[in-house]
Amino acid sequence: MAQAHWHCYPWLVLLCACAWSYPQAGSLGREDVRNCSSNPPFLPVTAVNTTMRLAALRQQIQAWNLSAYIIPDTDAHMSEYIGKQDERRAWISGFSGTAGVAVVTMRKAALWTDSRYWTQAERQMDCNWELHREGNIPSWVLAEVPAEGRVGFDPFLLSVDSWEDFDLELQGSKRHLVSITTNLVDLAWGSERPPLPSQPIYALPEEFTGSTWQEKVSTVRSYMKNHTMAPTALLLSALDETAWLFNLRSSDIPYNPFFYSYTLLTDSSIRLFVNKSRFSLETLQYLNTNCISSMCVQLEDYSQVRDSVKAYASGNVTILISTSYTNYGLYEVIPKEKVMIQMYSPVMGVKAVKNSKEQALLKASHVRDAVVVIQYLVWLEKNVPKGTVDEFSGAEYIDDLRRNESFSSGPSFETISASGLNAALAHYSPTKELHRKLSSDEMYLVDSGGQYWDGTTDITRTVHWGTPTAFQKEAYTRVLMGNIDLSRIIFPAATSGRVLDTLARKALWEVGLNYGHGTGHGIGNFLCVHEWPVGFQSSNIAMNKGMFTSIEPGYYQDGEFGIRLEDVALVVEAKTKYPGAYLTFEVVSFVPYDRNLIDVSLLSPEQLQYLNRYYQTIREKVGPELQRRQLLEELAWLEEHTKPLLAMAPHTTSLASLWVASTLAILSWSN
């Protein structure tokens, strides 16, 4: 899934100044968005009345003697997706997009989000709110808060990096940042706030883990021992870090199998901060909680982490933290001379490199996931011409297909099912109330993924069932060329992803086209669908053997259509003429591209050869699985859509004719 990773540093971002912006709000028409300048103001049915909510919050702001209060869009672990009880910014503003920050004063309420969400914000917010499409938050605070004014924030909802950025902007301004551990939105929300999760936390079966938790702990301790600064403790704050370390999973976060937790690891102790009541006796035994040696897990209450870290920091210690994921509420209780900071914890680096068993597991999940996507594409071909499919029903259908797969734990993110002009909004997702009918006359983009016990998947395909325009075919083919060029590149080990990023854009740049999101992101083993720190941006770590990343160039024509082709690839050793430490990518997504949209005349001989080899791999990997399940229609479809492409105009075949070829296809697989 395409990502624009600005949420770690929201304070300094000039949201309108991105060189590659997303389509603007007006592209969908204005009848379904608010108009606060009309008399009386016009609000769509999707707008949320926030008058009483803001009044309750302002009572708290006044009681704490504040001039303003900051409401980020995250939780205490800087999670990309957050639980219902942490959706404070959504509750106070009505805006439910996954990126945005609100600031409330006694007179004004303002929201900042990036251009992916401008239309959504105009649909959901009432006229109590200002939507800021440009400028940064500190500048607005300086203009709205008087000298000596106090700007309150919940220290558990700002990362160390975010706090430092904001603090730097306000230095010397006579405005004061005030850390308040009681969240004021929670006080205003009251009893209506959803309860904390209580479902069980469970251990993954051994067949779905690459190493035991004891082996992982030993690896991380070895890193700490060999570190030049030799920290005495490592504090883990990101939820996927603790889940990975102990091979534990739950469902506290939508689309992510995590549970609220922290870990404080030393050379002689393991302290896990969590709601203990959620463990079964079997899981407690699995964690060795009934002993006190260096390989026994000591359980402490989740709410006590700040006090426990503060107490530990009073000794002769040094604590290593990640500035990207550690919240300021923990950072501020550690004396500065006792804290070591890194952008990412060592667990992030170790987790990013999958061992041979983890690689095999992740590959297996992608084979089954390819079956799901192929089933969906076949279903669409049959039903879209009937006029019975819309974006929302399509998303529901593919989500249900995944839920029925072996080892499934549901989708890995909200399915992006976008037809026509809606696909030009890179992060558009339909709702039951707002969606578009799928049509043979429009392009359709589906970006979806699954959570399975053996891996996490993420794949995007764009299709057209009718007659695409010449420009649509060219744009699609150039996106495909970028995908191929990046997938087949050979590069030195430890090359930064940002160095490779231009390969995905070159074919588009040559004709003056581009896309405004990242080219790819890491992916986990039943963990995050966006697993940092792997990817192609400047803040990502260097590429190394065993890492998985998505490769997902795109193109978005505002108000008309959108294209994205996304695959997941494993970083592997390259075979070169001369010996050396060189790497390349092995694509593990196994769904063919739309032949109807490929202009073969644009492909170089090398690109065409690569594409046909890829199609042969798809046949070899997915064909036997389709045959095993007796999915004969899907098998015939696969045979047809992975035929070698020749250096001439591609021809299309109707789904009905595939039935004629199905017997021959089945016989060829039998042989």
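By the rule used here (a disulfide is a pair of cysteine sulfur atoms within 2.5 Å), the count comes to two disulfides. Before you click around, note that this is a predicted model, where local features need pLDDT of at least 70, side-chain atom pairs count only at pLDDT 80 or more, and totals for chains, interfaces and linings use all residues. Residues are numbered from 1 along each chain as its sequence is written, and side-chain values use heavy atoms, with hydrogens and water left out.

**Stop one: C36 and C127**

Select C36 and C127 and show their side chains. You'll see a disulfide joining them, with an S to S distance of 2.0 Å. The link of C36 and C127 is left-handed, with -95° about the S-S bond. Now zoom out: this pair ties together distant parts of the chain, 91 residues apart. C36 sits in the segment before α1 (51-63), while C127 is in the loop between α3 (118-124) and β4 (130-132). Those labels are DSSP runs numbered from the N terminus: helices (H or I, at least four residues) and strands (E, at least two).

Are these two cysteines buried, exposed or partly exposed? C36 is partly exposed, at 35% relative accessible area, and C127 is partly exposed too, at 33%. (Buried means under 20% relative accessible area, exposed over 50%, partly exposed in between, using a 1.4 Å probe and protein chains only.)

**Stop two: C291 and C296**

Next, pick C291 and C296. Their sulfur atoms are 1.8 Å apart and form a disulfide. The torsion about this S-S bond is about -100°, so the disulfide is left-handed. C291 counts as partly exposed at 29% relative accessibility, whereas C296 is buried at 1%. Counting bonded cysteines along the chain, the disulfides follow the pattern 1-2, 3-4.

While you're on cysteines, jump to C528: it is buried, with a relative accessible area of 14%.

**Stop three: a sheet and its helix**

Switch to cartoon view and find β15, β18 and β19. These three strands form an open sheet in the order β15-β18-β19, with antiparallel pairing. (Two strands pair if DSSP finds at least two bridges between them.) Which strands are at the edges? They are β15 (408-411) and β19 (455-456), each pairing on one side only.

Strand β18 (residues 450-452) is joined to β19 by two bridges. To spot a bridge, select Q451, whose partner in β19 is T456.

Key:
Two strands pair if DSSP finds at least two bridges between them.
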